Amino acid sequence: MGTFKTEGEIRSHFAFFHIDPMVSKSLRFILASFCFLGHLMGQGAVLNGTIKEAHAHNIYFNKRFNLFTRCQPMHLHVEAQDMVGDSASTYPYKLIPSEKWQKAIRELVERRLRTARLYQETAQNYFYVSVQLQQPSKNYKLAFDFRKMLYDPSTDSWDHATTYGADNIDLSTEHDLMSTLSFFLDKFLEDYVEENKAFCR
């Protein structure tokens with residue numbers, strides 16, 4: 001029976017390995033926290049990568065849907081109107097066609113489309129520009145978009161749908177109007193040619 005040890009001797013023997021209960025709880029908490037943070041970081045990396053992939057996926061396919069036409073040309077439709085009223089918020093107001101602005105804008109846009117070899121009067125798709133000049137405040141509202149001929153299987157019909165553009169751009173001067181339209185037109189043509197580059201010559 002020489003191997004028998006009292007409780008005190010056992011405690012003394014394992015004193016080196018003894019961990020205070022409060023310290024033990026702290027260590028468990030720290031280890032659990034590290035594990036949890038590691039899990040979150042791993043999940044965050046996966047989630048972030050997934051979001052980026054999805055974003056890139058959507059950008060590619062949205063842009064392709066919006067602008068891909070095998071580089072088909074487009075015709076042009078321009079509307080320019082004077083909004084006659086006391087202010088931009090006055091209703092009702094009169095809309096009077098403005099031949100001056102319609103001509104100026106048509107010349108600008110058509111010249112750019114012809115330079116890019118994308119203008120054709122009989123084309124299905126078209127580029128639309130709308131300008132409204134508020135009288136007498138001389139404020140301008142600009143809208144433009146690309147309208148693509150699309151097929152709707154639910155109604156078995158074809159029609160134009162706006163797939164690219166911007167509207168309700170408020171501008172204060174004639175220079176702002178023309179420079180802003182020119183800037184957005186350049187951006188549109190850049191995106192259009194880039195998306196259709198395999199077919200554009």
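## Contacts of Val109

Leaving aside neighbours within four places in sequence, Val109 is in contact with Leu76, Phe127, Val129, Leu181 and Leu185. The model that shows these contacts is predicted.

## Nonpolar core

The largest nonpolar core has 31 residues, and Val109 is among those with the most contacts inside it, together with Met74, Ile105, Phe127, Val129, Leu142 and Phe188. At least two residues of this core come from each of β1, α3 (99-115), β3 (126-135), β4 (139-152), β5 (157-171) and α4. The element that gives the most is α4, with six residues. In soluble globular proteins, nonpolar side chains tend to be buried together.

## Helix α4

Helix α4 spans residues 174-195, 22 residues in total. The distance from its first C-alpha to its last is 32 Å, close to the 32 Å expected at 1.5 Å a residue.

## Sheet

Five strands form an open sheet in the order β2-β1-β3-β4-β5, and their pairing is mixed. β2 (94-97) and β5 are the edge strands, each pairing on one side only. From one strand to the next, the twist averages 25°. Helix α3 packs on the sheet and touches β1, β2, β3 and β4; the direction of α3 makes about 150° with that of β1.

Strands β4 and β5 run antiparallel and are joined by twelve bridges. Leu150 stands opposite Asp159 in β5.

## Disulfide

The count of disulfides comes to one, and this bond joins Cys71 to Cys200 with an S to S distance of 1.8 Å. The pair links distant parts of the chain, 129 residues apart. Cys71 lies in the loop between α2 (21-67) and β1 (75-84), whereas Cys200 lies in the segment after α4. A disulfide is a covalent bond between the sulfur atoms of two cysteines.

The torsion about the S-S bond of Cys71 and Cys200 is about 100°, so the disulfide is right-handed. Cys71 has a relative accessible area of 14%. The cut-off for buried is under 20%, so Cys71 counts as buried.

Note on methods
Residues numbered from 1 in each chain as written. Predicted model: local features only at pLDDT ≥ 70, side-chain atom pairs only at ≥ 80, totals over all residues. Heavy atoms only, no water. Helix = DSSP H or I, 4+ residues; strand = E, 2+ residues; numbered from the N terminus. Expected span 1.5 Å × (residues − 1). Disulfide = S-S within 2.5 Å. Buried < 20%, exposed > 50% of the residue type's maximum accessible area, 1.4 Å probe, protein only. Core = buried A, V, L, I, M, F, W, Y, C linked by side-chain atoms within 4.5 Å. Contact = heavy atoms within 4.5 Å. Pairing = 2+ DSSP bridges. Axes fitted to C-alpha atoms, helices over the stretch in contact; angles between N-to-C directions.
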